[in-house]
Amino acid sequence: MDYSLREDGDEFTKPLIQRANGEKVEKAPICGSSRYGLALLASYGFFVAYTLRVNLSVAMVDMVRSNRSAPGGASLCPRQNPELFQRKHKASVYDWDSETQGWVLGSFFYGYILMQIPGGYLARKHGAKWLLGLGIVATAVFTLLTPLAADMGPGYLIAVRALEGVGEGVTFPAMHSMWASWAPPLERSRLLTISYAGAQLGTVVALPLSGYICYYLNWTYVFYVFGLVGVLWFILWTALVSNTPDTHKRISEAERLYITRSLKEELSPSVDSIPWSSIFCSLPLWAIIVAHFSYNWTFYTLLTLLPTYMNNVLGFGIQQNGLLSALPYLGCWVLALFGGQLADYLRETCLFPTVAVRKAFSIIGMVGPAVFLVAAGHTGCDYTSAVGFLTLSSALGGFSAAGFNINHLDIAPSYAGILLGITNTFATIPGMVGPVIARALTPHNTIEEWRTVFYISAAINVFGATFYTLFGSGVLQPWAASKLSSHRS
């Protein structure tokens with residue numbers, strides 16, 4: 001960045017950034033800007049999306065009759081504060097075995113996977129604003145119907161959860177597509193980590209709040225409360241957001257020019273044909289696919305089953321369960337935000353190559369969690385160590401938000417939504433099969449059985465980090481460059 005100031009009368013111009021072709025672009029201020037306003041509202045959107053996604057993980061503990069490893073329905077470890085379990089259920093309780101629970105918890109992803117690539121394509125073709133908004137509000141509506149579906153039977157609940165997945169399936173591809181038009185290259189890490197950090201914050205809030213709602217009301221209110229929060233977000237989103245800076249009604253001219261000029265040589269017109277063969281033959285893209293799949297195996301396994309582990313093995317009650325299950329994601333949220341700021345600082349001020357930053361953050365965000373996940377499997381009934389290692393494992397995963405997770409915008413910003421749809425299609429598979437496999441491996445909820453689950457997740461994480469380190473890239477790919485840029489190079 002060139003911070004030299006040009007004097008115009010009595011005022012000084014803002015700092016200048018230099019594009020790849022040598023042209024300098026005036027940088028618009030951050031405070032009060034439309035691009036950071038979009039990031040905050042998007043963060044609220046992903047907060048909503050993840051509260052709708054994870055609330056079932058805690059509610060499931062209260063929805064089903066206990067099937068714990070020790071005789072008499074006790075947990076393997078001595079139960080914490082057993083007086084919390086003297087209350088009476090005020091809602092239906094179901095006799096679902098562990099296999100049925102696994103299918104219910106994984107059913108969301110069967111709908112989710114269907115809309116990944118279509119979501120990216122539709123966002124590029126028709127704009128991301130309404131696609132993302134309608135996707136989340138549809139999920140909110142189906143969330144409101146969850147108690148009714150559960151009473152009708154597990155098959156109906158599985159169908160409703162799959163439809164929720166269809167609604168949320170467009171969210172990440174649509175948001176990536178929108179950021180391709182909104183995020184200046186040297187602010188990508190900051191803007192994207194702010195917007196996607198809402199997912200971790202949603203998990204942090206939803207897990208403990210769901211536990212308290214279950215305890216003081218009953219599990220049905222979990223779905224009513226979060227469903228209504230989703231409807232409120234939709235109203236704000238439709239009123240305040242625009243697809244591009246050029247169509248935004250309240251953006252300053254200085255900010256609009258800053259964004260459009262900084263992206264001028266990276267974006268291809270949306271009417272261009274999509275180079276499908278080049279996309280699927282791109283090794284840097286396959287590096288992201290492998291990393292994304294590997295990271296999500298651990299992420300989704302813990303996201304869906306951590307409350308079950310806390311209850312059935314460690315013996316935490318419904319109140320403590322939600323709070324302690326949220327701690328790992330609180331750490332993840334903090335380090336994701338910190339990592340985004342640090343990554344752009346290293347690229348912009350210290351001039352580190354983008355590929356080096358993406359790989360370093362991916363290694364920390366994948367190998368680190370693997371180490372502490374293995375450690376958690378050897379803590380036995382040491383509650384402090386178990387919760388501490390699980391928290392460190394998920395927290396370090398926050399660094400990957402500035403690693404492979406946003407690498408699509410580095411290698412092909414014009415097709416970022418489509419690329420995210422492709423990688424997230426593969427990365428959704430762990431959400432579909434991970435909980436089913438984990439529950440199949442833990443029929444008696446013993447520490448040894450859960451240790452196997454942790455080992456498998458850790459090994460997959462390390463493999464993904466290694467593959468991405470070897471084959472990842474941080475530069476615009478030739479097939480993704482605009483025609484104007486291609487002619488100039």
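**Salt bridges and helix packing**

Modeller: Let's start in helix α11 (residues 253-262): Arg256 and Glu253 are three residues apart there, so about one helical turn separates them. Helices here are DSSP runs of H or I with at least four residues, and strands are E runs of at least two, numbered from the N terminus. This is a predicted model, in which local features need pLDDT of at least 70 and side-chain atom pairs count only at pLDDT 80 or more, while totals for chains, interfaces and linings use all residues. Residues are numbered from 1 along each chain as its sequence is written, and side-chain values use heavy atoms, leaving out hydrogens and water.

Colleague: Thanks! How far apart are the closest N and O atoms of Arg256 and Glu253?

Modeller: They are 2.5 Å apart, and the pair forms a salt bridge. The general rule asks for a side-chain nitrogen of Lys or Arg within 4 Å of a carboxyl oxygen of Asp or Glu. That rule gives a count of eleven salt bridges.

Colleague: Is Arg256 buried or partly exposed?

Modeller: Relative accessible area decides that: under 20% is buried, over 50% is exposed, and partly exposed lies in between (1.4 Å probe, protein chains only). Arg256 is partly exposed at 21%, and Glu253 is partly exposed too, at 45%.

Colleague: Which residue forms a salt bridge with Arg161?

Modeller: That is Glu164, with 3.2 Å between the closest N and O atoms.

Colleague: Now for packing: at what angle do α4 and α18 pack?

Modeller: Axes are lines fitted to C-alpha atoms, for helices over the stretch in contact, and angles between N-to-C directions run from 0 to 180 degrees. Helix α4 (residues 116-126) and helix α18 (residues 416-441) pack at about 165 degrees, their axes 7 Å apart. The two are therefore roughly antiparallel; that label needs over 145 degrees, while under 35 is roughly parallel, 65 to 115 roughly perpendicular and the rest oblique.

Colleague: Which residues of α4 meet α18?

Modeller: Taking contact as heavy atoms within 4.5 Å, Gln116, Ile117, Gly120, Tyr121 and Arg124 of α4 meet residues of α18 including Gly417, Leu420 and Thr428. By class, this contact holds five nonpolar, seven polar and one charged residues. Nonpolar covers Ala, Val, Leu, Ile, Met, Phe, Trp, Tyr, Cys and Pro; charged covers Asp, Glu, Lys and Arg; the others, Gly among them, are polar.

Colleague: What about α4 and α8?

Modeller: The axis of α4 comes within 8 Å of that of helix α8 (residues 171-182), crossing at roughly 30 degrees. That makes α4 roughly parallel to α8. Gln116, Gly119, Gly120, Ala123 and Arg124 in α4 meet Pro173, Ala174 and Ser177 in α8.
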